[in-house]
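Hello,

Here is the structure for you to look at. My notes follow below it.

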Amino acid sequence: MSTEHAAAPPATPPAEQSAGGPGDGHHYTCSCCDGRHDGPPLSYGSPAPVGWKPRYARRRDSELTADQCVIKGREFYVHGLIEIPVLDGGESFSWGVWVSLSEPNFARMHDLWEDPAREQEPPYFGWLVTELPVYPESTLLLKTHVRTQAVGRRPLIELEPTGHPLAVEQREGITGARVREFAELLLRG
């Protein structure tokens, strides 16, 4: 699955899910690409940062797009991917998350959004502002580094190397069984 598949909300199941696929016995139609995939989804995401409220869409100083968000002209966010290697699958699992940036870093990232040279930028410091409910500890406000990718690709989010389970999984990888656990927790409630 490509990194563009990480835009579906974490608790929203793919458009179709049924028994009968190879591997763990099911397949689904991806709500992002409409492609049919075997096994559990390899990405989940959040449509907005935790602080976004629908009423902000009516404000002139607030905007939410698929990639960036500004709240009240004071809070600045970028949508990126936390990629985790799947050790027994040869693929990566992705969390589509939001990270807060300082105003100068957000402005810099925004100015370079369509510039191919953006890949040369040093990483930006940010705070994770997406709650991932599969972890026993809150994922809010974990320290991150935002690494800009090629134009058209979401930034990669690297967590600071702490003992938080999400940071450990990003460093050490997960198994296919853990991916299936995410599916069971998120898709079946």
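Tyr44, Phe93, Trp95, Tyr135 and Phe182 form one aromatic cluster. This is a predicted model, in which local features need pLDDT of at least 70 and side-chain atom pairs count only at pLDDT 80 or more, while totals for chains, interfaces and linings use all residues. Residues are numbered from 1 along each chain as its sequence is written, and side-chain values use heavy atoms, with hydrogens and water left out.

The aromatic pairs come to 10 in this structure. Rings of Phe, Tyr and Trp (its six-membered ring) pair if their centres lie within 6.5 Å; planes under 30 degrees apart are stacked, over 60 edge-to-face, and the rest tilted.

Take Tyr44 and Trp95. Their ring centres are 6.0 Å apart and the planes meet at 40°, so this pair is tilted. Tyr44 is in strand S4 (residues 43–45) and Trp95 in strand S8 (residues 91–101), so the pair ties together parts 51 residues apart in sequence. Strands here are DSSP runs (E, at least two residues), as are helices (H or I, at least four), numbered from the N terminus. Tyr44 is buried at 2% relative accessibility. Trp95 is buried at 0%. Buried means under 20% relative accessible area, exposed over 50%, and partly exposed in between (1.4 Å probe, protein chains only).

Now Phe125 and Trp127. Their ring centres lie 5.2 Å apart with planes at 90°, so the pair is edge-to-face. Phe125 is partly exposed at 32%. Trp127 is partly exposed too, at 33%.

Next, Arg118. Where is Arg118 placed? Arg118 is in the loop between helix H1 (103–111) and strand S9 (124–128). Arg118 is buried, at 3% relative accessible area. The charged end of Arg118 sits over the ring of Trp113, 4.8 Å from the ring centre. That term requires CZ of Arg or NZ of Lys within 6 Å of the ring centre and within 35 degrees of the ring normal. A polar atom of the Arg118 side chain also lies 2.8 Å from the backbone oxygen of Trp113. Beyond neighbours within four places in sequence, Arg118 has contacts (heavy atoms within 4.5 Å) that include Leu112, Thr148, Gln149 and Arg153.

Last, the whole protein chain. The chain has three helices and 11 strands. Of its 189 residues, 44% are buried. Among contacts between residues at least 6 apart in sequence, 54% join residues at least 24 apart.

Best wishes

How values were computed
A polar contact is a pair of N or O atoms within 3.5 Å; within protein, one must be able to donate a hydrogen and the other to accept it, and residues adjacent in sequence count only if both atoms are side-chain atoms.
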